[in-house]
Amino acid sequence: MPDERLAGLRPGRDTTGQATRPVAPSPVWRPFCSPERLAEVPSTNLALAERAKEGAPEGTVLLAESQSAGRGRLGRRWLDPPGGSILCSLLFRPRLPLEEWFLAPMAVSLAARAACEQVAGAETACKWPNDLVSLPDGLKLAGVLAETVGETPGSAPRALVVGIGLNCNWPADFPPAGLEGDELATRATSLDRLTGRPVDKSALEAALLSEVARRWHPLAEAGLAPGKAALLSEYRAACATLGQQVRVELPTGAVEGEALAIEEDGRLRVATEVGEATFGVGDVVHLRPKGAPPGR
Ligand code: BTN
């Protein structure tokens, strides 16, 4: 990867205006702006986790044309037609308490939403926790998977890999028939199917990365409070889950109720028959998406 951190090196001047020896400038490393492009990998998340262990800096990005073992949330597989999706992993080294790291995948899903609007004119919403769905029918356009890196037993994680799969231009025969493909076909779509025209994937990638950088920069540079407030307020406004009747599917069973709020810690608060409960993980099914028939 080109090292842009030295790009601002220039001769300095002392207080008398005399030229001095070149000094190291303040770094101009621009995180998330120089993606490395790969043809095929098992998983961009796995590949980036390896780079993270070798010391890759925050802002390192891997993009792949296809994955042979794409990873989804909750141990699922992520299928893609070669060349038809954005398959992207971004490296974060948050200087934030671990309980605030959820802000990174939140920033990525909001960035994807902004990029879809800018480049494809597509109207989308966030579905808790970090899916992007089409409006008004609630079909999945993108999924986000955040994985911590660098744990050793008893020590804290040192980095966070956030991967996003964004369905762009899907061939007519995708997803393939079969159990996983059939399920995908009923609950997912791609931007070209949504808008009726092919999407410019390069423009979408560029917009995605610059929108991530724009959202993460305040959190990385200006401290937690203002950056977090802005991100949470954008997320709450963009979240189609709020106000819906939902089913939260957990390893231990399912809970139904009305989605009331996104808490300050990113958890979903739901009013159930037996009182209010909050959830940090789980799959959410929207039982009655706003203005649309039931869907995921
Ligand atoms: C989900 O289950 O909704 C999350 C899917 C995340 C898929 C992306 S594709 C790029 C990155 N690499 C992976 O192996 N997974 C993520």
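Start at Lys 201: its side chain reaches the backbone oxygen of Ser 85 at 3.3 Å. Keep in mind that this is a predicted model.

Stay on Lys 201 and show the secondary structure. Lys 201 belongs to helix α5, which covers residues 201-221. Now select Glu 65. Its side chain and that of Lys 201 are joined by a polar contact of 3.3 Å. Is Lys 201 buried or exposed? Lys 201 has a relative accessible area of 12%. Buried means under 20%, so Lys 201 counts as buried.

Next, select the ligand. The ligand sits in the second largest pocket. Show the residues around the ligand: there are 20. The closest are Ser 43, Gln 67, Arg 71, Arg 73 and Lys 140.

Color this shell by residue type. Six of its residues are nonpolar, ten are polar and four are charged.

Which elements give two or more residues to the shell? They are α1 (44-53), β3 (85-92), β6 (140-149) and β7 (159-167). Select β6: four residues of the shell come from this strand, the largest share.

Now zoom in on individual atoms. Pick Lys 140. An N or O atom in its side chain is 2.6 Å from an oxygen atom of the ligand. Move to Arg 73. Here a backbone N or O atom lies 2.6 Å from a ligand oxygen. Then try Asn 45, where a backbone N or O atom lies 3.5 Å from a nitrogen atom of the ligand.

Finish with the surface. Taken alone, the ligand exposes 410 Å². The protein buries 99% of that.

Conventions. Residues are numbered from 1 along each chain as its sequence is written. This is a predicted model: local features need pLDDT of at least 70, side-chain atom pairs count only at pLDDT 80 or more; totals for chains, interfaces and linings use all residues. Side-chain values use heavy atoms; hydrogens and water are left out. A residue is near a molecule or strand if one of its heavy atoms lies within 4 Å of it. A polar contact is a pair of N or O atoms within 3.5 Å; within protein, one must be able to donate a hydrogen and the other to accept it, and residues adjacent in sequence count only if both atoms are side-chain atoms. Accessible areas come from the Shrake-Rupley method with a 1.4 Å probe; for residues, only the protein chains shown count as cover. On a 1 Å grid over the protein atoms alone, a cavity is a set of points where a 1.4 Å probe fits but cannot get out, and a pocket is an open set with protein on both sides within 12 Å along at least five of seven lines; lining residues have an atom within 4 Å of a point. A molecule sits in a cavity or pocket if more than half of its atoms lie within 2 Å of its grid points. Ala, Val, Leu, Ile, Met, Phe, Trp, Tyr, Cys and Pro count as nonpolar, Asp, Glu, Lys and Arg as charged, and the others, Gly among them, as polar. Buried means under 20% relative accessible area, exposed over 50%, partly exposed in between (1.4 Å probe, protein chains only).
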